[in-house]
Every structure is written in C-alpha cells, then in structure tokens.
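Subject: Structure handover and notes

Dear colleague,

I am passing on the structure below, together with some notes on what came out of the analysis. Please read them alongside the coordinates.

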Amino acid sequence: MGLNVGMSSGDDGILLVDAQDEPAVPRLQAEIAKRSDKTVRIVINSHWHFDHVGANELYRRQGATIIAQENTRKRLMTEQVNPLGGKQRAFPASFWPTLTFADALTLHFNGDDIDVVHVPSGHTDGDVIVRFRQADVLFAADLFNNGDYTRVDLRGGSLDA
C-alpha cells in the first residue's frame with residue numbers, strides 16, 4: 001500500500017501503527033475488514049508526513065485516540081515548506097493527534113505491552129518506534145529502508161543525532 005501499516009487486533013479492538021495517505025484510506029479499511037470486525041480504537045502516527053496520517057480524521061471521528069510524539073502534532077498544525085521544493089499543507093484539527101508525549105509512552109492493549117519511543121532527529125523530529133513486547137515486533141517506519149539509507153527530512157531530521 002505504499003508503506004507498512006501495523007495492526008493489532010484482539011479483545012480491546014484494533015490498534016494501528018500509521019494510517020496511510022488519504023487516497024488509500026478506502027483500501028486500508030478494506031484490508032482491515034478482511035482481518036477483523038473490531039473497531040479501530042488507537043492510531044499511532046510514526047511521524048508527521050502526509051502518507052502516514054491520512055486516516056487520522058476518519059478514525060478520530062469514529063472515536064479512536066490518535067497518538068503521536070508532540071513534534072508530529074506541531075508539524076501537522078502548520079504548513080511545512082520542503083527545502084527540496086513543494087509544501088505539505090497544514091492539516092485540519094480533525095487530523096491532529098489527541099494524545100501526545102515527549103519521550104516515551106507504554107500502552108497495554110490486546111494483551112501486549114507496547115512501547116512507543118521517540119527517536120529525536122532521525123527521519124524527522126517526530127519519529128517514533130513502536131515495540132510490541134510480547135509479540136516481539138518492532139515498527140521503525142521511515143527510520144529504516146531495506147534497500148538504501150533512510151531519507152532524512154531536513155525540517156528537523158538529522159544524520160548527526
């Protein structure tokens with residue numbers, strides 16, 4: 001679908017790591033429906049780029065909590081000019097995370113302990129990794145690319161951290 005979306009489904013409902021870009025939301029919903037009839041209760045944004053936050057508005061409207069590092073919320077609230085050209089629009093308030101944190105957060109959901117940890121000045125200034133302890137799964141989003149070195153967004157990202 002262009003990027004990985006993590007999904008945990010169980011008695012507590014559905015937790016997503018990332019939420020696609022807006023045009024892919026119907027496809028994301030269809031893929032979720034193939035796997036679970038539960039409700040999306042939590043969405044964790046790995047960072048603020050448009051292709052990771054597209055379903056925030058939909059799931060927030062349906063009652064989900066949107067979680068992100070505090071810099072992600074700040075970036076979504078304002079237009080971001082790309083130093084390489086182009087812009088990312090400021091998102092409407094309906095896309096903004098409803099729960100933010102500075103350094104780390106631990107969730108207890110679907111029988112797993114889930115660590116959400118800020119990685120400062122990586123791909124962006126709002127990157128998080130998401131570790132599902134019992135499942136032994138780690139989501140690193142755009143901090144890791146299988147085929148090459150990760151792309152660094154100069155609006156807060158850095159190779160120096």
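Valine 117 has isoleucine 129 of β10 as its bridge partner, and aspartate 115 is likewise partnered with arginine 131 in β10. Both pairs concern strands β9 (residues 112-118) and β10 (residues 128-132), which pair in the antiparallel sense over 5 bridges; here helices (H or I, at least four residues) and strands (E, at least two) are DSSP runs numbered from the N terminus, and two strands pair if DSSP finds at least two bridges between them.

This is a predicted model, in which local features need pLDDT of at least 70 and side-chain atom pairs count only at pLDDT 80 or more, while totals for chains, interfaces and linings use all residues. Residues are numbered from 1 along each chain as its sequence is written, and side-chain values use heavy atoms, with hydrogens and water left out.

On its other pairing, β10 is joined to β11 by 3 bridges, the two running antiparallel, and phenylalanine 132 stands opposite valine 137 in β11. These two strands form a hairpin with 4 residues between them, and aspartate 136 in the turn has a positive phi of about 60°. The side chains of a regular strand alternate between the two faces of the sheet. In β10 the covered face holds Val128, Val130 and Phe132, whereas Ile129 and Arg131 lie on the uncovered one.

The open sheet to which these strands belong has 4 strands in the order β8-β9-β10-β11, with antiparallel pairing. Its edge strands, each pairing on one side only, are β8 (104-109) and β11 (137-139).

Histidine 52 sits in the loop between β3 and α2 (56-61). Is histidine 52 buried or exposed? Histidine 52 is buried, with a relative accessible area of 1%. Histidine 52 and glutamate 22 are 30 residues apart in sequence and 9.0 Å apart in space, C-alpha to C-alpha.

Terms used: Buried < 20%, exposed > 50% of the residue type's maximum accessible area, 1.4 Å probe, protein only.
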